[in-house]
Structure formats: structure tokens, C-alpha cells
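Please look over the points below with the structure open.

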Amino acid sequence: MPEVSRRKLLGWTALAPLAGAAAFTAGGAAVEAAEQAAEAQRPTTSERARQRIQHQHLPNVPLLTHEGKQVRFYDDLIKGKIVTLNFFYTRCDEICPGVTANLAQVQKLLGADVGSKLFMYSFSLKPEEDDVATIRKYRSLFHAGPGWTFLTGKPADMEQIRRGIGFQYPDPAIDRDKTQHIGNVRYGNEPLMLWAACPGLANASYLAESISWMLRPETNRIQKS
Amino acid sequence: MYYNVFGERVSRRRFKQMCDAAKNRRELIAAGLTGRRDLFKMGLLTAGGALVAKRGLSARAWGQVDPSITAKQSSGANANTGTNQNCVPGNQTASPPTKPFLDPLPIMPLTRRVAALSPTPTLNPNTGAGEVRAAAFQAPIINPNAFPVVPGILYNIHQRQFTARQTSDTTLPVQTLWGFDDGTGARSPGPTYQAFYGKPQLTRNINSLPPVTQVNNTGFGMPSVTTHLHNAHNPSESDGNPCDFYTAGHFCDQYYPNVLAGFNSDHASTFGDVNEALSTLWYHDHRVDFTSQNTYKGLAGFYCLFNQFDTGDSSTGFHLPDFPQFDIPLLFADRVYDPTTGDLVFDLFNLDGILGDKFLVNGMIQPFLNVQPRRYRFRLLDTGPSRFYEFFLTNLQSTGTTNPFWLIGTDGNLIPHPVQVQSVRIGPAERVDVIIDFSKFAGKTLYLENRLNQLNGQGPAAVDSQVAAQNATATECSGVLNSNQPAILAAGAGNLVLQFRVSSVPCTDDSVDPATNPSFYRLPSTNAPPRVVRTFKFDRLNGQWSINGQFMDCNTFRFAVQQNSVEQWLLTNLTGDWTHPVHIHLEEHQILSRNRVAPTVPADLGRKDVTQLHPNERALLFFRFRDWLGKYPIHCHNVVHEDHAMMALWHVVQQGDEILVP
């Protein structure tokens, strides 16, 4: 939880009983003042929403980048950023190479925005097989440019991210089968709380266009017939 | 390791609780102990409403008890209401408990017309003034006399953010929503259009949502819009295509000709085929990738279309109950609220489908409606996002008795004759028109109860026909707790979504009695040979929703339909787990067969714009694509699937192609 929000939340929680006590002892004006004070301390709907998304979906677990740098998922990768998220594993010969190659195309199409305004992240689904050296090698196979980071970590932490961003099946048996893993690419603008997803195997130019809505949410669009 | 039905890891203790809850439910249902009074009598329920011996029972039914009982509960008894231990989507926890039936059913006002629009609508898009429209209006080009560029009926509608309560139970705070404002204030559901065949109209949809900033966002919703008029036989530039969207400060003039299909093709002499007259349509946001969020936030409303037969006046035409007094649109939506703050929550990270544990009708959680002991027409609309319903009329005082009513319409159309039914099933985006006769229930309290058992976004827990026997066992379900799930829950054990309080004061009723078997429209022939039979496979590939193995792409038309031609489309769903409510724009269809068998259930017999495609099913549909040119989509209307690319664009052109598997 961000420091400021925690303070605000605590402030509000602490004041709430006072407001209640005031109702019995003081007149309307005091109650109103206390309520106003409480309200001023209370996180806004937007702040609450952002916290909720973070708590439920974006765990702040430690990870290792393909360069061996230690980072935290929420604080370092997501907070305040426009991002794409997907899962892969290096020995995956079904869907992963297609999605990763597609994302390489997407990175080219998005150009200089990647690494400056937008950050692409690919997470290992089998961290027990994919150490830093392995994912670095894998990343270079696809000529991934700067701004596209491959990540691994402890299996439990990777699993927490995967479930957090909803890349799971309702049927646990299918969910355990990694060859059937979710091939979607999440795209999002964390501060604006805009999140959606595209299939990783979708047309690369359309994938790039969809992701660019996070950079330029004020876009109008017309499809000519 | 233990998992819940969503595949999420849960603690051993939680898992045991869930199993106990399911077991208890099964035992109670098997014992026929489904009513609250039964439980009370058995000593299983305290006066406070808590379960004594059977702790952990799913509390769904207890959230919706008779207010006379609720009133007797001591404070704190509320803890047992409204929670829903098993049916909570994604990572969400259950919504806070709320008291049911506190609020009267909101009746949406009729959309207010305006005398003029400034700037005046133009044939070609007025881009200089901020209009975002794909092409010139087709209707005035085809027939400027019937369809003047500025028709006689005009609406000026803003999409706006506003705040409202969704229950007067203060457990939930005031919510920040998006709605439609016709000049009388933003509301959700939006105001109801009262439209007439032969009277074209134009709606200026203006995006006045707040610009996207951190301060304004409540956690979901994309403030760029495109408003689709669902089921209308509309020209493509006014259809509200998902790929044409615009941000705050821009608008789109949408021309609604209100014309019968065939007016410029196979029924030109009669200006269209009256047998394809539409009644119940709806409008909603259709912004690609964000439709689920934007409609969840409130961007939906009704569009009721009348003609010389379906007049809205019980003294004329088909003599159906008077609109809007005895002809009432009901918009169903299920929602989740944050357990601590009570804020409306949308699960942004869900790929499968979202279920809510609070049931809203016309924007209020579990409202009540005072009715007279007479016939009413209700237009039921399931706005999803992902829930299917099977509605029964329940009297909690005698749950063993079935209370039949009359089905008169499926999706937009009246069916040839009323059919008496015990229940109606609808999926996301579907509509049914029904007539309920309350004259036998004077002085009583009844409920519209959803008894369909659905556990997750996959669709109903057990896939049975709509006349499924109660407690029929499932074959299609997967997951830890889903084995042997009943398709239909016992009476009183489902979701009581709307309470009818029937007055005991006698009244007159000159509306048609469905028991006299009145005739409405005839179904058009489906004998015409198709120019092409296309196949669409609805599938899931590594969690990616697909149609024929491909994904939504706003820049590609997958196939070209020839203007004024007949086609058959074979929709197939071989996934075995998922039900997809498939919607096709522009033209309605008739279902020729399901798995090569002609349909039998009443809901399949009429004309449709959404067909529920059940697991392991192939549905063959008959279409005539007439009158208009341009682009339209086919998509799954489980809006979570739709937003994750289960959609394809196609277009109508003068010379169509023959791509069999687009």
C-alpha cells in the first residue's frame, strides 16, 4: 500500500469512533465538523479503487529481471506506469514462441514509446526451469529491445502474479496444465486504472493499436466501411 | 492444496467450509427443506435468522427474505443476508449484506425529445463540429421523402457521470455511475425510448463523461463510447459499431429509421415485412475491449418500438397491456460491491465472465413493485455481464405450487401466439416479453425468482433444456464443487430479484387474455436457399477467446455478405464447458436446428438476435441480409468474452464473397 494512502486510511479509521461519540455528547455542529474532518481524511473513491486493484491483483512480490536485477512487481514495474503483461516459459513449444514473436513485432510498431512511456513485461511460468541466464538467452532470441523486460522469481511469487492478473482457468485440472496456459497480453495504465487484454496471437498491428489506447486514451476512432 | 470453484487457492479451513456449505445445501434440498418457514419449523433457523445446526449454508436465499420476517430480526441478523459464499467472481469477496425489498422498482421515464439540434444534423459527418461518424446517413439517400436528413423526432443525449444510490440500505454508499441524460438529468438505466414504425428519429449521442484522469476513475470504465441500438434493423453508420468510438467533447448523430426489414428489398411494396416487426430493443455502450466495464458502470437502457398492432394501448391492435402503466421494462444486472467500503467493484482481471451477488432491477438492488390484480406485460432484459437467468414466479407461502405465466416475445419480436410457461430462461443481451396475470394473487406477495444454478462465467452449472426437470444432475460441469449440481434450484432457494406486492383492490382489465390464444405475427418462411452456408467455431485457445481460431481485429473484415441475400450460419461450440450467447448485428435470425434437431423450446421458436450456444452444440441459423450496406460484428455477448476478442467484423457489400469458414 502506498505510504500516503495508508496514513489517510488510518486517519479515517481513527476518527470514525470520535464522530460516533460526538453524536451523543455534542450538538449538530460538532457532529458535522467531526464528520467533515473524517470525510476529508477518508480516501476518495478513486484512491480506494486504486488501492483495491493493487491489493487484489498487483502483489508487490520480489522478482529478478533478465539482467539479474532485483525488482518488486508493484513498486518497480507497475506503479504509475503504462504496461503490458504476459506469461511465457522458455521450454514452451506451443503458444509461447508465437506470442513472444508477436510481441517483438508489437514492440517495433510502438517504437520509442517502449521504454520511455510504456513498459513490456514477460513473466516466466516455470521459474524453477527459467533462471536469469535462461530468460536472458530466450529474450535475445527474439531481439527484444530496451523497455521489454523478462522476469523470473520464486514459484509462489510468480503464481501470485499469475492469479492476480487473472491468468487462470476455472477448472483446476486445466489450470495445472502449463501447455494450456493463458496466452493473453494484459495492457493497462495503472494510475488511470484502465485495464484490458488482447490475445497474444492477435494481429500484431491491432495489438499495438489497442495498447496505444493506454498511451493516448483520448483517441477517437472510425473504421471506414 | 485446496481450490475453490474459480481455481483459486484457498485454505484447508475455507475449503472445508465450502464443502460443508454445499453438502448442507444438498441435504436440505433433498429433504425438501427449502423454505424459510420449513427451516424455522425444524429449529434450524433462529428468530434472528441465523442457521443453527447447518452452519455454512450458502446464504443466497437468506439475503432475500420477506421484509415482514426481516423486520422482526434483531440488529445484527443482517450479517446473514446478502452474502454468497460460493458464487463470488475472481478474487472478489462477497458484497456487504443489504436488506432486500426496501425500494420501489424504478420505472425509467420516457426519453425527452427536443425541437431542434444545434448544429443541425447533416447528411455527411459534421467533423468540423466534433462529430465522429463513419459515413453519410444511408436512409435519406435511399428515400429522402420517408427519411428526411432531419427527421421529425430528435433526441439530444449526453453520456454523463452521476451519483446515485443502488439501495436505500445505507450499508452501501452513494455510487459513482455513468448514465444517459436527455436533458432531465443523467440516469442509469437510461430513459426509455418510445419509438414508432414509420416515424424515423435521430439521436445525438454526446460524450460528456469526465476526461480520463486518476481523480475521476472509480476503478473501471473507459470514457470513450459508441452506443449500439441492439436488435435494430439499422444502417451501419448509425449502428454503434464497437470500432468507432469517441471521447469527451465529441458526438455521433445516429439515424434510427424505425423501418421494417425488407423495405428496400424483398418487401418493398409493403415497405417492409410486418412479420418482422420489433418490440423490445435496448441500447448500450459497445466500446471495443471495454464494453463490459462501461455497461457495468451503467451505460444501458430500453428502446420500445410500436406499430399499428403492438400499440401500447389495450383498446387497439393486439390489445396488449397499456404502455407504460401496465407494460413495464425490467433491466436485470448482477453486481459486486466491495465488502469493506461498499463501492461498486468490477473485476478488471477476469477472462471468463463475471458474476455478481447483488441483483439489480432497473438500477436498484432487489426492489419491490406494487401491482394491481390484473395482467401486466413485462419486458425482461438480461444485461449481464455474464449471468444467465431462469425466472419463475414464486409464492414463498406455497413453494410447491407452480405459477405459470405467458411468454409472448423472444428477443425483439412477438411470437406467433402466447405460450404458457412455468419459467423463462435468458442469457446476456437476450430479452423475453411475458404477460403475468396477477388477478389470482390479489393481496399476496410474489417474487420473480432466478432459480438457474450458475457458479461461474462458464454459463449455467448444468446444461439442460429450458424445461429441465428440477434437480436434474449435471454432466458438463467441472471443478471441485460442481459435480452433481442441479440445473434448477428448488423454489425459494434461488435469487429473489423482484418482489410483487399485489393489491387486493379489484380493478378492470381490458387487455387481451393470452389464454384465448390470440395471434400476433407469422414467422417468415425459412425455405429460401442460402447463397452461402458459413461456419463459425466459437473456441478458446490458451485462454484466448476465438472465432474460427482468429481474434477480434478492428482493421479486418473477415467476410463479405452480399446485399439482399440469404445465408445460413452454422455456429459451433465444441469446447464442452462454456455457453456463449452469440449476437449478430443488423439482421435477426431464425434457428433452424440445434445439433441437427429442429428446436422445440418456446424461446427458440421465434426470431432472435442472440442465440445461446450451449456446450458441444451446433446451431444452424437462417438470415436474410437486406436493405443496408456496411460493417457489422458477430460476437459473444458474455461481455467479458466479447472484450477478450470473441468478435469478428464483417460487412455487407453489393457483391459478397463465399468464404465458408471466415
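Predicted model: local features only at pLDDT ≥ 70, side-chain atom pairs only at ≥ 80, totals over all residues.

1. In chain A, 7 strands form an open sheet with mixed pairing. Their order is β2-β1-β5-β4-β3-β6-β7. The edges are β2 (70–72) and β7 of chain A, each pairing on one side only. Neighbouring strands are turned by 30 degrees against each other on average, direction ignored.

2. Strand β1 (residues 62–65) of chain A runs antiparallel to β2(A), and 3 bridges join them. A:P62 has A:R72 in β2(A) as its bridge partner.

3. Two helices on the sheet deserve attention. α5(A) packs on it and touches β3, β4, β5 and β6 of chain A. The direction of α5(A) makes about 160 degrees with that of β3(A). Helix α6 (residues 132–141) of chain A lies across β1, β4 and β5 of chain A, at about 150 degrees to β5(A).

4. Next, the helix pair. The axes of α5 (residues 96–110) and α9 (residues 204–215) of chain A come within 9 Å and cross at roughly 55 degrees. The two are therefore oblique to each other. The crossing is right-handed. Residues in contact include A:V106 and A:L109 in α5(A), and A:L207 and A:I211 in α9(A). This contact has 7 nonpolar, 4 polar and no charged residues.

5. Finally, the interface. Chain A gives 46 residues and chain B gives 57. On the chain A side, α3 (45–57), α8 (172–176), β7 (194–199) and α9 each give two or more residues. The largest share, 8 residues, comes from α3(A). By class, that side has 23 nonpolar, 15 polar and 8 charged residues.

Notes:
Residues numbered from 1 in each chain as written. Chains lettered and ligands numbered in written order. Axes fitted to C-alpha atoms, helices over the stretch in contact; angles between N-to-C directions. Helix = DSSP H or I, 4+ residues; strand = E, 2+ residues; numbered from the N terminus. Parallel < 35°, antiparallel > 145°, perpendicular 65-115°, else oblique. Left-handed = near helix turned anticlockwise from the far one by under 90°. Contact = placed C-beta atoms within 7 Å. Nonpolar A, V, L, I, M, F, W, Y, C, P; charged D, E, K, R; others polar. Pairing = 2+ DSSP bridges.
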